[in-house]
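Try each task before you read its solution.

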Amino acid sequence: MRANILLSPANVDELYFTGKTTVVIDVLRATSVIVTALNNGAREIIPVSTVDFAMKVSGNAFGGQTILGGERNTKMIEGFNLGNSPLEYTPEVISGKSIILYTTNGSKAIIKAKFSENLFVCCFNNLSTIAKHLVTLGKDFLILCAGTAGTFSIEDTVCAGKLITTMLSMDNSIELSDSARAAIALNKTFGKSILKMLKESEHGQLLIKNGFKDDLSYCSKVDSINIIPYYTSGIVKKFDNGSTNIEL
Ligand code: MLT
């Protein structure tokens, strides 16, 4: 099994992902929102790459049970029901609902990777659950860090490094690309205090400035949730062996 990491989605096109097993990470905050929403009872998440499309597929689609969520420049979009703070996605608000999610980087990264054979969603909250699943699957995998506007984000790369480090403790024969080795080294340095790393990151600073300090504590929690979000046919759902490409 070989581990590789794309430090941002910028330099590849959609076809690059064909046939791959991919894990998308956007710690601040899209994948933390997806993991939280599914854990709190959302029926499914529909990631979209434009606000116009989000508006189009809401309304009567999905049995009228849709919620529009996401952000522009970290803030809730006019006409949407929820922003992009995982703390908003409580069971009372989202249980049984289909959530259409537009975010600046994270939802677009998932859509870019849509031709993957297997596509999982990860953040610190569900890290060990994804690690165990990938080890069981035993396939080469690619971690796609959503980054920010096509550039590197430390929080996504540290999370990717921690994911591979956790996997290596279960199977030390995993082969590593150069980017995987670099992410492991970054996790060794910055993964000791994830909250500090998030607070000092560029995106973390912006979130603090815009009033989302509590999101950083929430997103820093390792293994607080044990679900595997899986993307297939335009929708992210909780992993269910019967409805995926995976045979275990
Ligand atoms: C994104 O997808 O760019 C992020 O989730 C932005 C945010 O923190 O809201």
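**Exercise 1: Packing in the core**

Ile 143 touches Asn 4, Ile 5, Leu 6, Val 23, Ile 25, Ala 160, Leu 163 and Ile 164, leaving out residues up to four places away in sequence. This is a predicted model. Task: find which residues touch the most other members of the largest nonpolar core.

Solution. 
- Step 1. The largest nonpolar core holds 36 residues.
- Step 2. Val 23, Ile 143 and Leu 163 touch the most other members.
- Step 3. Helix α6, residues 154-170, gives the most to this core, with 6 residues.
- Step 4. A second, separate core has 30 residues, including Ile 45 and Ile 225.
- Step 5. In soluble globular proteins, nonpolar side chains tend to be buried together.

**Exercise 2: Two cysteines**

Task: decide how many disulfides the whole structure has.

Solution. 
- Step 1. From the sulfur of Cys 122, the nearest cysteine sulfur is that of Cys 159, 4.7 Å away.
- Step 2. A disulfide needs the two sulfur atoms within 2.5 Å.
- Step 3. Cys 122 is therefore in no disulfide.
- Step 4. Cys 159 is in no disulfide either.
- Step 5. The search of the whole structure finds 0 disulfides.

**Exercise 3: A glutamate in a loop**

Task: is Glu 71 buried or exposed?

Solution. 
- Step 1. Locate Glu 71 in the loop between β4 (66-70) and α3 (91-94).
- Step 2. Its relative accessibility is 7%.
- Step 3. Buried means under 20%, so Glu 71 counts as buried.
- Step 4. List its contacts beyond four places in sequence: among them are Arg 29, Tyr 102 and Thr 104.
- Step 5. A polar atom of the Glu 71 side chain lies 2.6 Å from the backbone nitrogen of Thr 104.

Note on methods. Residues are numbered from 1 along each chain as its sequence is written. This is a predicted model: local features need pLDDT of at least 70, side-chain atom pairs count only at pLDDT 80 or more; totals for chains, interfaces and linings use all residues. Side-chain values use heavy atoms; hydrogens and water are left out. A nonpolar core is a set of buried Ala, Val, Leu, Ile, Met, Phe, Trp, Tyr and Cys residues joined through side-chain atoms within 4.5 Å. Buried means under 20% relative accessible area, exposed over 50%, partly exposed in between (1.4 Å probe, protein chains only). Helices (H or I, at least four residues) and strands (E, at least two) are DSSP runs, numbered from the N terminus. Contact means heavy atoms within 4.5 Å. A polar contact is a pair of N or O atoms within 3.5 Å; within protein, one must be able to donate a hydrogen and the other to accept it, and residues adjacent in sequence count only if both atoms are side-chain atoms.
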